[in-house]
Amino acid sequence: MNARHNISAYTPSNTDPEVLKRIFVQREKLLERIVDRLSRSMTSGDKHHILLVGPRGSGKTHLVTLAIWGLQGKEELADVMRVAWLGEDDSFTGLVHLAFGIASQLAQEYPDEFTSDFKTPVRGLSQDDAALAVLRSVISRLGDRKLLLVTENMDQTFRSLGDSGQKKWRAFLQETRKIATLATAQQLFAGVSDRKEAFFGFFDIQHMAPLSVEDASELVGRVSIEHSKRELTSYLNSPEGRYRIRALHYLSGGNHRMYVLLAEFLTKDSLADLVAAFEDLAEEMTPYFQERIRSLPDQQRQLIQCLCDAEGALTVKRIAGETFIEERTCSKQLGNLKAKGYVRSEKQGKESYYDMAEPLMRLCLEVKNRRGRPLRMVARFLRAWFPATALQSELTGTNADRVSEYCAVALESEDTFSSTIAGKLVSTIRDNIKSGALSSAKELASELQFADAVRAGLLSDEIEFMEGDLNSSISSSTIIIEMADTTVEQKAEALIKRGVAYGRQGDFERALADFSAVIEMADVPMGGKAQAHVNRGVTYGQQGDVDRALADYSAVIEMTDAPVNLKARALVYRGIAYGQQGDFERELADYTAVIEIESAPADQNARALYNRGVAYSQKGDVKRSLADYSAVIEMANAPVDQKARALVSRGATYWHQEQFKESTADFDAVLGMPGVSPERRTGALFAVVEPMVELCSQDEVGKALLRAFEEGDAQSSEYGGTPHDLLRMVLRRGPVQWPDYIAEIASLFVKYGVAEKLGQGITKSIQYLDEGGFSETQIDRWNSTWQQVGEGCEDLELPLRCLDAATEVMKADPPTERPLFQLPLEIRKLVRPLLNRSLGEPKPDGVT
Amino acid sequence: MEHFRKRLGTYYGGMVTDTSGVTIRDEEIAREILDHLAIQTEPQSINEIWSVVKAKFEITDRNRTVVLLNSLALDHYLMSDTKKRYSFRFPLIQRWWMMAQGLEG
């Protein structure tokens, strides 16, 4: 006997719960929660009502079966719980039939406790009165026990109850408080999601998420064990096994039932077995899908037929064109089909693309219409599953059988299946790379080699580069560069990647050679060429060859058809290079040029604005600098970190202008922004403390500084902030407050291990002290407080000696450098310029 | 006050895919949350709000709703009390939202 029949894919409630438990994946916690809540409902006054929502085959009945099995296995519930599990296909036409259904189920399950003749006493009553009478009789027979009502397809039940039936049912549940519910529905329905309906907010709704590829792999592995095919488990963990699971994933749409049906396919080694298994499956499932399609209105059936014929997603316009159904009607009917779970849509730009929610439904229509010819979808699947060489050898080996027919169609068909899987894989790998999940990205890249070897190589190369494994990255690129069947674009991409890796290794010569090779290659698209110029420019810049760097950036800027993002980047880089040369006018002109390109990418636009703000600031043009920072801050689509950077710079500018309230607001804004880099956030956490010294109490300042140390990233160079600016603010407060401030600041900097940074701040405070017009007593107070507080702290020893010596200089009359001679020479040289007000500008060496 | 409604589209441009593969914009979820809170007289707990969101959208990521609530608070639509229960920050906007969205209290 075929072991597969141990597991019923269509009626899990008929499968041994022990088996169901063994193949249960993904929802262990949810099951635990459901059992716990319903268990409490049976033993306490709380009543839980749970609604599981998910499309056909998403594992609802599997979950319900296990929940009931779990509850029935609890000894403490044996005497207190009774279960009325209504049949999945029971149809009710009103509250009275629901009541009959419950009474009948209870009579069947518990014949000693509930009567099967529940109809006789209520004959002659109106439907509503009969319903309530039967329900009351059930409640009275329950006695002190509680009832768990299990009902599938709750949406249909609610439709049949109607508005008044729903209200009466809700009132009954509320009034008796003896019934808990475990229900399922294929989708959300007005009865529970419309705010005006009686059951809105009543159910604890749990949506059944589709299986992820990892969960699917787990499920297939467990099903295989049930089928006594343990060897599959290790195969499933191999890149090829995972790739095949992914191919199944596309076919099944993450649907549990489909995996149970398709699980055995993974064990088919030969094409013949696989083809036969697929044809059997298609044959087996045809009645199921036919039934579903037959129940649809004519127009909707036509739309389904159109989507099944297509090989991918279609726009409404295209569907309307194919079916000759008016576009607006088409759109409405597609909306209905989507609500019923037959189709799904995805928005790309302004257009919505529709596709079959269950790709296997296509098989059904094909089985009906192909009359013995190979099923197109299976052929496409084979194309993705086996390498072309395997199909080719099968074709030439046995020419007349069924398998070779399939191989012929597979080889003729476009490889859209694997390109779709490859496309999805590439975008997942990209997401992983972006979020720093490099090991998952690497694992996925190893699967991708079965769908697109070159792309897999390029991505592996990128991942190795990010992992810092530059040698592997260079080897991967070299393989692609030397492969015979790579396209010019792919070769150029690999050369650029290898050049970047060489650059990172400091091998500028090889980096330049790779970039130059792309620039000199014929037929390379302009994007690749422009990218190579930009990268070569950066490399020249790193070598200090600004003229050559400028020439490369200019080459991109002058290309008529270079991609706008690269043109903008070249302009920004050229602006920076001009800035390094001190050519302020040209620097500004380049940033302005980016700002004026309407279609420039937001990040480059923001970068140009920010850089221009910095350039203005260096020239002392505060007004224009503030305007540019503000423009970045107000840009709707600027990257978060750019915005944060502009806010920090504007906050600092306001601080220098002594506009402390505005300054605080900007730093606070950074702290309220989600997604800011830890570096930037740390900077803002410390910066916000400085203006607070002017605006808030010392207690609040202390709390803010503590928060900065606690929440800031200790690895960041911003950790600890700029203590000299903080001390400058403290100096503005009255000397009476200095001791408390100094004690608090010193203790925190020492506690969090950045006393050295504070030491630099103390040294720099000498200049503020010298220039601030403080009296001798005040200077003494500042010094003596620091000496007391910092005593014994090794990191502060030298800065405190500097401060002590500087204090002597400032107090001497007439001023003299002599006290500084107690400091080591190199330190003396650092401290001397801070005392220019007292001692005058130092004379050049050798001048007496 | 229309800008309170209009700017939702700009501020909440993120997307989430529901269990049927349908893409839902954060803006739609934010709007639903505001609709619900507009007709409440008492602040609502995160769980209460999450159960309303689940009744409207087939989504499973509770955390995303928590983040959204936090953002709505940062953007001054909502405020939360010490028990992490949410309500409109300004009664005036709550009343305007109810009227503008045609909600019945």
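**Close-up views of the sheet in chain A**

**View 1. Strands E3 and E4.** In this predicted model, E3(A) and strand E4 (residues 179-185) of chain A are parallel partners joined by 5 bridges. Strands pair if DSSP finds at least two bridges between them; strands (E, at least two residues) and helices (H or I, at least four) are DSSP runs numbered from the N terminus. Thr151(A) has Ala183(A) in E4(A) as its bridge partner. With helix H6 (residues 154-176) of chain A, E3(A) and E4(A) make a right-handed β-α-β unit, where right-handed means that, with the strands pointing away from the viewer, the path from the first strand over the helix to the second runs clockwise.

**View 2. The faces of E3.** In E3(A), 6 of 6 residues are buried, that is, under 20% relative accessible area (1.4 Å probe, protein chains only). Lys146(A), Leu148(A) and Val150(A) lie on one side, and Leu147(A), Leu149(A) and Thr151(A) on the other.

**View 3. Strands E2 and E3.** E2(A) runs parallel to E3(A), with 5 bridges between them. Trp85(A) is opposite Val150(A) in E3(A).

**View 4. The whole sheet.** The open sheet has 5 strands in the order E2-E3-E4-E1-E5 (chain A), paired in parallel. Strand E2 (81-85) and strand E5 (204-207) of chain A are at the edges with a single partner strand each, so one side of each has no neighbour in the sheet.

**View 5. Strands E1 and E5.** Strand E1 (residues 49-53) of chain A and E5(A) run parallel and share 4 bridges. Leu52(A) has Gln206(A) as its bridge partner in E5(A).

**Notes.** Residues are numbered from 1 along each chain as its sequence is written, and chains are lettered from A and ligands numbered from 1 in the order in which they are written. Local features need pLDDT of at least 70, side-chain atom pairs count only at pLDDT 80 or more, and totals for chains, interfaces and linings use all residues, while side-chain values use heavy atoms, with hydrogens and water left out.

Definitions and conventions. Buried means under 20% relative accessible area, exposed over 50%, partly exposed in between (1.4 Å probe, protein chains only).
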